[in-house]
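How do two chains meet, and what links the parts within each of them? This report takes the interface first and then turns to single chains.

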Amino acid sequence: MALSLTFDEMPEMVAEWAAIHELRVPPIDRRTVAGLLDRMGLGDRSGGFTWEKHLSWLTTGDDRTTVAIHELSGGLRYRLRPLQDEPERDVATAPSRLEEIARGFLDRLGRPNEPLALERITYLRAQTTARDGSLLTPSTLDAGLIFTRTVDELPVIGPGGLAMVKIGTDDTVVGGREIWRPIARRGAKVRLRTPDESIELLRSRLAASGVDGEIHVRKARQGYGELGIEEEQKYLEPCYAFLLETVGGLVDSKKVEVISAVSAPTTTA
Amino acid sequence: MARVAQMSVGGYWINHYKICGQAQTDYCGSLVGGFAGAMKARGHNIAVIRSEDAASPRHWGAWTDKQPGGVDTVEFAFLATHGGTHGVEMPGSKWLYWALFTFDSKDGCIWATIQLDGQQRPMTPRTPNPFMRLGEGRLRWAVLDFCRSLQVGVENERDVETKRQLAESNPALTWGRCFDGVHMLFGFTGLASDAGWTAQRGASFGQRAAKGEALAESWLDEAYSYWVDDIPVVLACGRSEKESAERLKSESLAGIAPTLHGPDIGAFAYLSRW
């Protein structure tokens, strides 16, 4: 069966030129984390916290609170109140107020130190059922606000490039996560591949790996790709990312293909 | 840090299909390897790893899963493969749901929550025959890292026909009959990515689970991806509605709630983020 691509969306040329930027994660030590604890309002409790260095994570906390930083990615994750201590059944606060609370918290935290765009508001949804699976009680235990960034016109996409703040049922910040590597040195701009070129490369790559049949392209975006919280990344590079799915089979699948947007790095603007 | 009970761990994954004709996956091995490695780094015991054609439906079968290599010989299992939830409308507008997942084994290509016929439809839809009995032996937690493994209605679905079929689904309807000692299942609603960008979720979840963080929240944090549209789900059981919700919010390897076998289960609860 021949490979057939059906595009739900076509990639757009957001930028014709973009730079490859050098990333540098600042050194992580106890002082860094202690400063964060203070800004999270945990300073008075942190004397009783235990500390641990395991693999690349520096973690501190007690049985109710965990704050952890990954020394390779600089990624941060924190849980400030256990989920079982949520005082109410639902988050009832308006989205605009949730955004205000989240931005205020990140301002106090002092990171990420760049303009934030609210990407979406998610909710942690719980549902109980009877033994036979019939639905009983729904609830929303937190609101998770996801903020992202744009670098030189291009959105930062992928598992990184986000700051998430979780707000509990009483408008308290209860947790969060940040994967947002600072740019240390800005590179010179280079001409980027066109969307058509990226699609041709996508076709070639899929054909070379033996993929055939009908593939739906759900997302096709130009952006800077940032990796996840466990990974070291030295450069922020422009790319095209394609989210690919099969549909209607006994089993379906979803893949992501990332194509470098840099075609001729010797041509600078 | 919390005192954590040491667990035995099992991993099952298939990337290459030579017998059973499914599309190749690229990262199932990374998902399981990452989870197992993270658990081992905290002193947990990697008791079983079965990959490619050595992973068998027999490892998950109700009558065979306590044999060597079976999922009910370990406490914490991670399965990464293809799969999905399907449904059929029954008289009275009730729906029967089942989940199936793929292997590339001489023992068979597919296993499911209930007995299916050759067309992968329920053999006896009015009286579905459970083909998995999770937790009758040692199993307490299982990650089902495949598409639509814990489907919640039409959440994270685009295809019209799939939406029609899955509209009434929920993880308890699909998996409830397979709970017999297992505490929690971890999976996805909608498709789950097989991608380099998200291949760390096994390791990230393993690190948090292994050191005693709350299991459900750890999975939801580490397997969620806003860009890739991965929506993780966790299903837990309890004697009552309240108990199942409490288990979901708080159970960890540092604080393990009681094991419940089939007749003792009175309710389920599931948690997801979208």
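Across the interface of chain B and chain A there are 13 salt bridges. The model is predicted. One of these bridges joins Glu245(A) to Arg158(B), with the closest N and O atoms 2.9 Å apart.

Several elements of chain B give two or more residues to the side that touches chain A. The strands are E4 (83-90), E5 (94-105) and E10 (267-273). The helices are H3 (171-175), H4 (201-210), H5 (215-223) and H6 (241-250). E10(B) gives the largest share, seven residues. By residue class, this side of chain B holds 25 nonpolar, 20 polar and 18 charged residues.

**Extent of the interface**

The contact draws 63 residues from chain B and 66 residues from chain A. The size of an interface is often given as the accessible area lost when the parts come together. Here the area buried between chain B and chain A is about 5,500 Å². Carbon and sulfur atoms give 54% of that area. Which three residues supply more than any other three of the area that chain B buries against chain A? They are Trp197(B), Tyr226(B) and Trp227(B), with 18%.

**Strands across and within chains**

E10(B) also pairs with a strand of the other chain. Its partner is strand E8 of chain A, residues 117-130. The two run in the antiparallel sense over seven bridges. Ala130(A) has Ala267(B) as its bridge partner. Gln127(A) stands opposite Tyr270(B).

E8(A) has a further partner within chain A. This is strand E9, residues 135-148, again paired in the antiparallel sense, over 11 bridges. Ile121(A) has Leu145(A) in E9(A) as its bridge partner. The hairpin of E8(A) and E9(A) has four residues between the strands. In that hairpin, Gly133(A) takes a positive phi near 90°.

Over all chains, the structure holds 49 salt bridges. One is formed by the side chains of Glu22(A) and Arg185(A), at 2.9 Å from N to O. This pair links distant parts of the chain. Glu22(A) is in strand E3 (residues 21-23) of chain A, and Arg185(A) is in strand E14 (residues 183-185) of chain A. They are 163 residues apart.

Phe179(B) and Phe268(B) form one that is edge-to-face. Their centres are 5.1 Å apart, with 75° between the planes. Why does this pair tie together parts that are 89 residues apart in sequence? Because Phe179(B) lies in the loop between H3 and strand E8 (184-189) of chain B, whereas Phe268(B) is in strand E10 of chain B.

**Backbone angles**

| Site | Angle | Value |
|---|---|---|
| Arg111(A) and Pro112(A) | omega, cis peptide bond | about -5° |
| Gly133(A) | phi, positive | near 90° |
| Glu52(B) | phi, positive | about 50° |

Pro112(A) sits in the loop between helix H2 (95-109) and E8 of chain A. Glu52(B) is not a glycine, yet has a positive phi. The place of Glu52(B) is the loop between strand E2 (45-51) and strand E3 (76-80) of chain B.

How values were computed. Residues are numbered from 1 along each chain as its sequence is written. Chains are lettered from A and ligands numbered from 1 in the order in which they are written. This is a predicted model: local features need pLDDT of at least 70, side-chain atom pairs count only at pLDDT 80 or more; totals for chains, interfaces and linings use all residues. Side-chain values use heavy atoms; hydrogens and water are left out. Contact means heavy atoms within 4.5 Å. Buried area is the accessible area (1.4 Å probe) that two parts lose on being put together, summed over both. A salt bridge is a side-chain nitrogen of Lys or Arg within 4 Å of a carboxyl oxygen of Asp or Glu. Ala, Val, Leu, Ile, Met, Phe, Trp, Tyr, Cys and Pro count as nonpolar, Asp, Glu, Lys and Arg as charged, and the others, Gly among them, as polar. Two strands pair if DSSP finds at least two bridges between them. Rings of Phe, Tyr and Trp (its six-membered ring) pair if their centres lie within 6.5 Å; planes under 30 degrees apart count as stacked, over 60 as edge-to-face and the rest as tilted.
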